[in-house]
Amino acid sequence: MSRQKDYLKPYKKRRFFKPREKKLNRSMAGNTLLFVLMAICGVAMIMPLVMVINNCLKPLDELYQFPPKIFVRNPTLENFSDLFTIMNDSWVPFSRYILNTIIITGGGMVGHVIIASLAAYPLAKHNFPGKGILFQMVVLSMMFHWTVTQTPQYMMISWLHINNSYWALILPACSFGMGLYLMKQFMEQLPDSLMESARLDGANEWHIFWKIVMPNVKPAWLTLAIFQFQQMWSNTGSTFLRDEELKPLQYSLQQISAGGMARAGAAAAVTFIIAAVPITFFLICQRNILETMTSSGMKD
């Protein structure tokens with residue numbers, strides 16, 4: 001009897017410590033259904049972009065063809081040549097619109113990322129009186145639609161005497177509450193021991209912020225840069241800018257799109273340009289975000 005127990009002991013021990021492998025409760029039919037649903041969603045999302053690309057290459061006879069065709073049959077670049085001809089014939093040079101767009105979009109995006117990060121750092125990693133009230137005010141400001149604050153914003157810009165200038169579009173972009181909320185929530189995930197060890201080594205707050213905090217929250221401010229770039233790129237500046245030489249490229253492109261049937265080809269090229277620039281910027285930043293997300297996990 002004792003020999004039988006000794007013989008069964010290794011077997012029992014092996015069964016006790018070896019975990020049983022879990023089998024995925026999936027069938028071939030379930031996997032096929034999931035694949036079909038994902039394919040349908042992917043086609044539905046990419047179809048508008050496919051139509052934009054094909055429309056900008058279609059001649060006028062294909063643009064007005066009924067029923068409309070998705071894919072182009074006789075691709076041509078005449079729509080882009082017509083667009084540049086129209087832009088060059090205007091009394092404001094085409095390069096001026098591009099320069100205005102770079103200044104407004106770049107200034108609003110960079111300014112918002114820097115100011116939101118500077119404001120989020122003390123809210124996330126410092127304790128001071130009124131900290132909770134300030135953060136609740138930021139959260140409360142996100143509940144209002146932009147049309148609610150449009151009139152007070154215009155009044156403040158007029159009081160500052162910066163109307164009809166680049167600052168009229170750049171300064172309001174720097175005060176977007178969503179960016180501060182995003183940066184604050186992301187900075188709270190950083191361990192406090194990281195900042196404490198830097199202070200023990202003699203680093204000041206500016207050095208900790210620029211050399212330690214900002215590199216570790218790179219996914220957050222890259223995501224914020226994508227959102228702000230999209231918002232600034234679609235801004236026409238028609239509310240605050242009166243001079244034609246100060247208006248961005250988006251305003252002039254929309255004016256061309258409203259030209260009617262005679263400018264249908266140029267309007268198709270305009271639609272492609274409006275969509276291509278934000279998508280390109282998103283793809284560039286998305287690659288960097290994915291690379292930093294894989295190595296940004298930190299624990300105390």
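**A guided tour of an all-helix listing**

The chain holds 14 helices and 0 strands, where helices (H or I, at least four residues) and strands (E, at least two) are DSSP runs numbered from the N terminus. The model is predicted, so that local features need pLDDT of at least 70 and side-chain atom pairs count only at pLDDT 80 or more, while totals for chains, interfaces and linings use all residues. Residues are numbered from 1 along each chain as its sequence is written, and side-chain values use heavy atoms, with hydrogens and water left out.

**Whole chain**

Buried means under 20% relative accessible area, exposed over 50%, and partly exposed in between (1.4 Å probe, protein chains only). The chain exposes about 20,100 Å², and carbon and sulfur atoms supply 65% of that area; accessible areas come from the Shrake-Rupley method with a 1.4 Å probe, and for residues only the protein chains shown count as cover.

**Helix α2**

Select L33, L34, F35, V36, L37 and I40, which form a nonpolar patch on the surface with about 600 Å² of accessible area together. Patches are made of residues with over 30% relative accessible area and no salt bridge; like charges are joined within 9 Å, and nonpolar side chains (Val, Leu, Ile, Met, Phe, Trp, Tyr) within 5 Å. L34 lies in helix α2, residues 28–55, and is partly exposed at 44%.

**Helix α5**

Next, select L99 in helix α5 (residues 94–125).

**Helices α10 and α11**

Now display residues 192–200 (α10) and 205–216 (α11), whose axes come within 10 Å and cross at roughly 145°. Axes are lines fitted to C-alpha atoms, for helices over the stretch in contact, and angles run from 0 to 180 degrees between N-to-C directions. L194, M195, A198 and R199 of α10 make the contact with E205, I208, I212, V213 and N216 of α11, contact meaning heavy atoms within 4.5 Å.

**Salt bridges**

Within that pair of residue sets, R199 and E205 meet in a salt bridge (2.9 Å, N to O); a salt bridge is a side-chain nitrogen of Lys or Arg within 4 Å of a carboxyl oxygen of Asp or Glu. The whole structure has 4 salt bridges. Select K184 and E188 for another, at 2.5 Å, N to O; K184 is buried at 8% relative accessible area, whereas E188 is partly exposed at 37%. Finish at E244 and K247, whose closest N and O atoms are 3.8 Å apart.
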